[in-house]
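Please open the model in your viewer and keep the selection tool at hand. The tour below moves from one selection to the next and says what is found at each stop.

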Amino acid sequence: MKKPTQHLNSDNHFLLKALTSAFSIALCLSISVSKADGFDQRQAIPLTPEHQAQILKNMRQMQGGVQQIILALAENDFQAVAKHAETLGMKDEKRAHNPLHQALPTTFKKMGKSLHMGFDQLASDALTINKTEHTLQQLGQLMDKCQVCHAVYRVEKSVPVQNN
Ligand code: HEC
C-alpha cells in the first residue's frame, strides 16, 4: 500500500522539478533577450535573411580588402595597393542595381558611398603620390567611416516580402 504512494510522490516531485527548470530556462531566455535589446542602442535595419547574408558578406570582403591593402603597402607595391583599393571603390556598378541597395536607409547609403569614393581616391593617390605614409593616413581616416557606421547601425532579419 505504501509503495504506490511513494511512487506517485516521486513522480510528482520529478514533474515539479521539470516544470521549475523549464520555467527558469524560459525566464533566462527572456531576460537575456531583453538585456541584449537594452544594451544595444544601435539602429536596426530590417533586412530579408538573403539581404542580411549579402551585406555581411560585403562587409567581410571590405575587411579582406583592407588587409590586402596593408599587405601590399608593406611591400611598397603601389600597383597592388591601387588594385585592391579599387575593388572597394565606386567602380563596382553592380552595387547600384542591387535590390539590397534599395532596402538600405539613405544615410547608410551616403556613408557607404563616401567610403567607396575614399577608396577610389586612395587608389589614385597610391599611383600618383606613391608614399606609404600618405596611403596609411588615408586608410586610417577611411576606417573612421567603418567605425562611425558600426556605432550607429546593426542589421536585423525581417520576414521576407512576397513578390507574387
Ligand atoms: C554604411 C555603414 C557601414 C560602413 C561604412 C561599414 N560597415 Fe561594416 N557593418 C555594417 C553593419 C550594419 C554591420 C552589421 C552589424 C550588426 O548587425 O551587428 C557590419 C558588419 C561588419 C562586419 C561583420 C561581418 C559579419 O560577417 O558579421 C565586418 C567584418 C565589417 N562590417 C567590416 C567593415 C569594414 C572593414 C569597413 C570599412 C572599410 C566597414 N565594415 C564599413 C555597416 C557598415
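Which residues have the most contacts inside the largest nonpolar core? Select Val81, Ala82, Ala85, Phe119, Leu122, Ala123 and Ala126, for these are the residues with the most contacts within that core, which has 13 residues. Bear in mind, as you look, that this is a predicted model. Helix 2, helix 3 (78-87) and helix 5 each supply at least two residues of the core, and helix 5 gives the most to it, with 5 residues. In soluble globular proteins, nonpolar side chains tend to be buried together.

Leaving aside its neighbours within four places in sequence, Ala85 is in contact with Ile69, Phe119, Leu122, Ala123 and Ala126.

Next, colour the whole chain by secondary structure. The protein has 164 residues, of which 13% count as buried. Of the contacts between residues at least 6 apart in sequence, 75% join residues that are at least 24 apart.

Now select helix 5 and helix 6 together and turn the view until both axes can be followed. These axes come within 10 Å and cross at roughly 170°; an angle over 145 degrees counts as roughly antiparallel, and helix 5 and helix 6 are therefore roughly antiparallel to each other. By class, the contact between helix 5 and helix 6 has 9 nonpolar, 5 polar and 2 charged residues.

The last stop is the ligand. Select the 18 residues that surround the ligand, of which the closest are Met59, Met111, Cys146, Cys149 and Arg154. The elements that give two or more residues to this shell are helix 2 (49-74), helix 5 (106-128), helix 6 (132-152) and strand 2 (153-157), and the largest share, 6 residues, comes from helix 2. If you colour the shell around the ligand by class, its residues divide into 12 nonpolar, 3 polar and 3 charged.

Terms used. Residues numbered from 1 in each chain as written. Predicted model: local features only at pLDDT ≥ 70, side-chain atom pairs only at ≥ 80, totals over all residues. Near = placed C-beta within 6 Å. Helix = DSSP H or I, 4+ residues; strand = E, 2+ residues; numbered from the N terminus. Nonpolar A, V, L, I, M, F, W, Y, C, P; charged D, E, K, R; others polar. Axes fitted to C-alpha atoms, helices over the stretch in contact; angles between N-to-C directions. Parallel < 35°, antiparallel > 145°, perpendicular 65-115°, else oblique. Core = buried A, V, L, I, M, F, W, Y, C linked by C-beta atoms within 7 Å. Buried ≥ 20, exposed ≤ 12 C-beta atoms within 10 Å, placed from the backbone. Contact = placed C-beta atoms within 7 Å.
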